[in-house]
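Please keep the sequence and the structure in view while reading.

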Amino acid sequence: MWPELIQRAKEGGLNVIQTYVFWNLHEPVQGQFIFDGNNDIVKFIKMIGEQGLYVTLRVGPYIEAEWNAGGFPYWLREVPNITFRSYNEPFMHHMQRYTDTIIDLMKKNKLFAPQGGPIIMAQIENEYNNVQLAYRDLGKKYVDWAANMAVSLYDQVPWVMCKQKDAPPTVISTCNGRHCGETFRGSNGPNKPTLWTENWTAQYRTFGDPPAQRAAEDIAFAVALFFARNGTLNNYYMYHGGTNFGRTSSSFVTTRYYDEAPLDEFGLPREPKFGHLRDLHRALRLSKKALLWGTPSVQQIDQDLQVITYENPNVQNVCAAFLINNRTTTPATISFRGVDYYLPAKSISILPDCKTVVYNTVTIASQHNSRNFEESSKVGVLDWEFFSESIPSMDQLSQESKAPLELYSLTKDTSDYAWYRTSIHFDKRDLPMKAGVIPVLQVLSLGHALLAYVNGEYIGFQHGNNIEKSFVFQKPISLKPGVNEISLLGMTVGFPNSGAYMEKRFAGPRVVTLQGLMSGTLDITMNNWKHQVGLNGERLQYFTEEGSSKVGWKKLNAAGNLGGVNAPLTWYKTYFDAPEGNGPVAIQMDKMAKGMIWVNGRNIGRYWVSFLSPLGQPTQSEYHIPRAFLKQTKNLLVVLEETGGDPREIKLVTVNRDTICSFITEYHPPQVKSWVRTGDQMRAVVENITSGAHLNCPGNQVIKAIEFASFGDPYGVCGTFAIGECNAPNALQIAEQYCKGKKECTIPMDKGLFFGANDACPQIAKTLAVQARCGNPGNNSS
C-alpha cells in the first residue's frame, strides 16, 4: 500500500512526509533488530524520496502515537532499576544505543538530505513538557542530555522537540495542536524557525467514544493563518492514520486510527477535506516567492479584521496578501489597495499577487464525497464452523503464586489474555440457606477487562475504559458443597502510551472476595492462584491453516447446530473468495461483541462492537482487510469472540467513495487550479473564469447517475442533501445534461441557466448542490 498512499499524499499537495520509528517493532527482543518486510524503514524512506518528497524522521524513541507502550518494547520495562524518560543511566544507555542504531542505518543508506537523501529533519523525544515536572531536576537534565546526544549522532539536519518550551539551544521547540497560528509564540531562541509538527486533523478514538470530526474549513483557516504569521512547516497529524493491525494500539484505542484524516483509514481521499487542503497548498505555492523573499507587514483594521502582506520592494511583482476575518459569525468587507473584498465569517482569502483571490478558507470549491460499504456479491453466505476455547484445569496450570499476579508483567505483552484460577472448599453450612440469597463474586481489577467462570459455568464480563481503566466485577454465582473452581480470564486492550513513570503501570485482578456466605465476606485474594498466559487457540494457532487442521471444528448453521452462537470464548472459522474489484475490503462485525480477527494467519486487529458510545452506536463496526492480505480464492477467516456473538451476521464488504458531491455558493471564488504563475505574473488557465460545481469521479469511473441536484437554498451534507424553500425545478435535468456519462464535469454557477430571466426567489443568495454516483463505464447499474 505504501506507493499508492505516498502518491495520493503528493496529489494532495504535500511535499514532506513525517513518520515515526517504532522501537518495539524494530527491536521486540533485546539486541535483535528487524528491518525487513513491513519494518523496512529504509525502503519506505527511499520510496518517499523516489516520488520527490522529503521526510521528517521522528526517532523518538518515545513516540506516544496511541501506539502500544508509546513505542517502548516490553523488555525495556524489566531492565533493573530503570525509569523511563528520565536522567536514569539504564534508560539512557538503551535509548542512546537504539537511537545510534537508527541514525547509523540512515547514514549508511545515505538517506539524510546532505547525503542526497530525503530526510530534512529529525525529532528526539516527544511532548516531554507534559510530564517533565514529575521528574523534577532529573527531567531538565534528561532533556539537555537527549538533545546533545541526538545532535552528536548527526548534526547536518535540524533536530526538533515537540512542545518543549525550554528546548536546549541545539534543538528546535515546535507546536502540536489545532490552532498553532494563534497559540504558538514561536520557538525559544534566535534563528529557530516556526514549526507545526502536529496539526490535528480530527482526534483518535478509543472504544466507547462518539465520532470525532474537524471541519476542513477550520483546518484551512488554521494553516493559512500559520503561514501568514511566518510559519515555516505545517505537518498534518494525521494525513493518513490507517489501521492498528494486530495488538499495536495502546490502551482502548480503536483499530481504526484517525479515520477523519484527509486520506481515510482505507487510503481513500475524504472530501472535501482532501481537496480543500490540496487547493490551499496550491494557493500557498502560488505565493511562495513572496513568502520566502518578502517582508511581512500587518494592517490591523479592527480587533477581528487584519491584512498581512508579504512584499519585497526590490523585486518586482513579488507580493502576496492574506485577508483575515476572525469574526466567528458575521462576514466582512475589507478594502485593500482600492478594491473591496468580501470575506465570509471566520475566513482568510489568499491573494498571491495582492490582487486576485484564488482561495478562501471557508468557500469550498473542491468536491465532497460519501463513503459506502457494499456487501460483496462474490463472497456470498459464509459457511461457519466453531470451536470452544477450553478452560484450563488446575493441573494444566504451572505458574503459581499466593495472590493473582500483575497482568502486564504476567503476559509480558505476548498476549491480551491470562488465566487466573483458584479452588476453595465449602461445607454445606458455609453456603446460604435462605431462599433468594445467592453468593456474589467480586473482583477489584486494575483493568482492562475480565471474564469469570465458576465451576465451569460462565458468570459474566466486565471492563474499564480509557479514562478509568480499573473496574469492579460483581456477579451472583452458584457454589456447591465441596471443592469450587474459580477461573478468571484477565484481559488487556493494549499497554498505556503516555504519562510519567510508564514502567510502573499495573493491570489485572487485585482483590477477589466472595460475598453472601454464612460467615460473611471471604477474601480469597491470598488463596493460592495458578496462571496461564494466553489461550490454547493462540498457542496452537487456530488462525493458521496448520493450526486450524488440528481442531475438531463443528458446523454452525441456522437449521442445525447453534451451540456456538452467543457463546463466550468461541473460535469461528470460514473461507471466502476475494471480493470483486480492486478497491479496499472490510469486514462488518455488527452482531459480534469483542475479540480478534485473523485473515490468512494475519491478525487484522481487535474488534469491540459491544462497547457502545453515548450515541448508542459502536465506535467502530467495520475492520480493514488489506487486499495485500488476500488470495483470489479460499481465504481463511478466523474470529475469536470473547463474550458471545452471532457470526452469521458477519459480512465482507467493499469500500468506495463513489458518491461525489459539490456544494457551492455564488460567493465562491473560482477553483485555485484556474490560476497559474508565469514568471512574476498571475494568469488565468482558461478565459472567462467562472465558479461552478466541479465533479470528478475516482479512477477511470464515469458519472452513472445524478442522485440530487438543487439550485436555490439546499442544505445538508453529501449523502443527505435536501431541498430548501427555493429550488430551480430544472436543476436535475441541467446536472444530467452537463455531467452524466462523463468522468469530469463542471456545472456553471449561473442564475440565468437555472431561472432564466425570472428568479423565483431573488432575496435568497443562491447555492448549487449536486450529488452523483460514479461507476465503471461498462456497468449500467447506478
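This is a predicted model: local features need pLDDT of at least 70, side-chain atom pairs count only at pLDDT 80 or more; totals for chains, interfaces and linings use all residues.

Apart from its neighbours within four places in sequence, Leu 441 is in contact with Ala 452, Val 454, Phe 473, Gln 474, Lys 475, Ile 477, Ile 486, Leu 488, Val 512, Thr 513 and Leu 514. In soluble globular proteins, nonpolar side chains tend to be buried together.

The next element to consider is strand E34, which spans residues 651–665. Several strands pair with E34. E15 and E34 run antiparallel and are joined by seven bridges; Asn 369 stands opposite Ile 660 in E34. Strand E29 (residues 585–588) is also antiparallel to E34, with four bridges between them, and here Ile 587 faces Leu 652 of E34. Strand E40 (residues 767–775) likewise runs antiparallel to E34 and is joined to it by seven bridges. In that pairing, Thr 659 stands opposite Arg 773 in E40.

Asn 325 lies in strand E10 (residues 319–325). Is Asn 325 buried or exposed? Its relative accessible area is 0%, and therefore Asn 325 counts as buried, the limit being under 20%. A polar atom of the Asn 325 side chain lies 3.0 Å from the backbone nitrogen of Arg 327. Leaving aside neighbours within four places in sequence, the residues in contact with Asn 325 include Phe 221, Asp 304, Leu 305, Thr 330 and Ser 347.

Attention now turns to charged side chains. How many salt bridges does a search of the whole structure find? The search finds 35 salt bridges. In one of them, Arg 214 pairs with Asp 218, and the closest N and O atoms are 2.8 Å apart. The two partners can be described by their accessibility: Arg 214 is buried, with a relative accessible area of 4%, whereas Asp 218 is partly exposed at 25%. Another salt bridge links Arg 256 to Glu 265, with the closest N and O atoms 2.7 Å apart. Both Arg 256 and Glu 265 are buried.

A further salt bridge joins Lys 555 and Asp 383, the closest N and O atoms being 3.0 Å apart. Lys 555 lies in strand E27 (residues 554–556), while Asp 383 lies in the loop between strand E15 (368–375) and strand E16 (384–388), so the pair ties together parts that are 172 residues apart in sequence. Lys 555 is partly exposed, at 44% relative accessibility, and Asp 383 is partly exposed with a relative accessible area of 44%. Salt bridges can also share partners: in this way Asp 259, Glu 260, Asp 264, Arg 270, Arg 371 and Arg 657 are joined into one network.

Definitions and conventions
Residues are numbered from 1 along each chain as its sequence is written. Side-chain values use heavy atoms; hydrogens and water are left out. A salt bridge is a side-chain nitrogen of Lys or Arg within 4 Å of a carboxyl oxygen of Asp or Glu. Buried means under 20% relative accessible area, exposed over 50%, partly exposed in between (1.4 Å probe, protein chains only). Helices (H or I, at least four residues) and strands (E, at least two) are DSSP runs, numbered from the N terminus. Contact means heavy atoms within 4.5 Å. Two strands pair if DSSP finds at least two bridges between them. A polar contact is a pair of N or O atoms within 3.5 Å; within protein, one must be able to donate a hydrogen and the other to accept it, and residues adjacent in sequence count only if both atoms are side-chain atoms.
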